Amino acid sequence: MDVEKYTAEFVDLLKQTAGANLECVALFGSAASGEFHPDFSDINLLCVMRELSAADLVRIAPVINDWTKKKFPAPLIFTHAELKHAADIFAIELLDIRERHRILHGEGIFANMHVPMGMHRIQLEHNLRTKLLTLRQTYMQIVNDANRVRRLMLDSVSNFATLFRHTLITMGEQPKAGKAENIRTLAEKTQFDPGIFLQLLQVRARTAKESEIDPVTGFEKYLAGIEKVVQTVDAL
């Protein structure tokens, strides 16, 4: 997947449509951090507008719809003022964007963004528990389909790796850039087996085969590791 091509086309169309109302477009997530995998990763964008009236939304809707029709997630769209006030509610997301992003249009507005950490642990536990509930619910529906169980883990491991990195932050640790290093560090500190998580990352990086994942014991260890992290965050 040509990330540069797709994002450049999107930015050009949005600039033509929004004009001076478009203040900034930033790329974040794995595509900005060097851990992008075409088979599994999304292209995540954040757009900052000066105004976001209903008329403004109507004006840019064709560009956004064209983007999502290509199976990309809808961009996050804020006004500059909203972004400042949303930092306490979206502490995880905006902390990640502040630390790892690439400006595609406009001036950088994230480097000096203040992210209050008071709500960070609460959001972290909420996200972990929500994703754990979803993981269990989905697993019960596909438990007899080995391929879908493997895909469930492959599709979710990146999100859990992000939350594991934020768990280290909440514990007062300085996380590393790579997902694998952070998983190893957290596993050592909280005493869970990191093997399945590392194997899933290897498959996503195309250095291991998906068929080598054991859907039964692999999921057991995957679930147990996540539950251990949830317990750890709850106790902080």
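Angles of 65 to 115 degrees between two axes count as roughly perpendicular, and angles over 145 degrees as roughly antiparallel. The views below show a predicted model.

**View 1. The crossing of helices α5 and α7.** Helix α5 spans residues 91-99 and helix α7 spans residues 146-170. They pack at an angle of about 90 degrees, with their axes 11 Å apart; α5 and α7 are therefore roughly perpendicular to each other. On the α5 side, the contact involves Ile92, Leu95 and Asp96. These residues meet Thr162, Leu163, Arg165, His166 and Ile169 of α7. By type, the residues of the contact of α5 with α7 comprise four nonpolar, two polar and two charged.

View 2. Ile92, Leu95 and Asp96 belong to α5.

**View 3. The open sheet of four strands.** The strands follow the order β3-β2-β1-β4, and their pairing is mixed. Strands β3 (76-79) and β4 (101-106) stand at the edges. Each of these two has a single partner strand, so one side of each is left without a neighbour in the sheet. On average, and with direction ignored, neighbouring strands of this sheet are turned by 20 degrees against each other. Helix α5 packs on the sheet, where it touches β1 (22-28), β2 and β4. The direction of α5 makes about 80 degrees with that of β4.

**View 4. The pairing of strands β2 and β3.** Strand β2 covers residues 44-49 and pairs with β3 in the parallel sense, over four bridges. Within this pairing, Cys47 has Ile77 in β3 as its bridge partner.

**View 5. The largest nonpolar core.** This core has 35 residues. Those with the most contacts inside it are Leu128, Phe164, Phe197, Tyr222 and Ile226. Two or more residues come from each of the elements α6 (120-142), α7, α8 (179-190), α9 (195-204) and α10 (217-235). Helix α7 gives the most to this core, with ten residues. A second, separate core has 18 residues, among them Phe10, Ala31, Ile43 and Val63.

**View 6. The contacts of Phe197.** Neighbours within four places in sequence are left aside here. Phe197 is then in contact with Val157, Phe164, Ile183, Phe192, Lys221, Tyr222, Gly225 and Ile226. Of these, Phe164, Tyr222 and Ile226 are, like Phe197, among the residues with the most contacts inside the largest nonpolar core.

**View 7. The pair of helices α8 and α9.** The axes of these helices come within 10 Å and cross at roughly 175 degrees. Helices α8 and α9 are therefore roughly antiparallel to each other. From α8, the residues Lys179, Ala180, Ile183 and Arg184 meet Phe197, Leu198 and Leu201 in α9. The residues of the contact of α8 with α9 divide into five nonpolar and two charged, with no polar residue.

**View 8. Glu188 in helix α8.** Glu188 has a relative accessible area of 62% and is therefore exposed. Glu188 and Phe110 are 78 residues apart along the chain, and their C-alpha atoms are separated by 33 Å.

Methods: Residues numbered from 1 in each chain as written. Predicted model: local features only at pLDDT ≥ 70, side-chain atom pairs only at ≥ 80, totals over all residues. Heavy atoms only, no water. Axes fitted to C-alpha atoms, helices over the stretch in contact; angles between N-to-C directions. Parallel < 35°, antiparallel > 145°, perpendicular 65-115°, else oblique. Contact = heavy atoms within 4.5 Å. Nonpolar A, V, L, I, M, F, W, Y, C, P; charged D, E, K, R; others polar. Core = buried A, V, L, I, M, F, W, Y, C linked by side-chain atoms within 4.5 Å. Buried < 20%, exposed > 50% of the residue type's maximum accessible area, 1.4 Å probe, protein only. Pairing = 2+ DSSP bridges.
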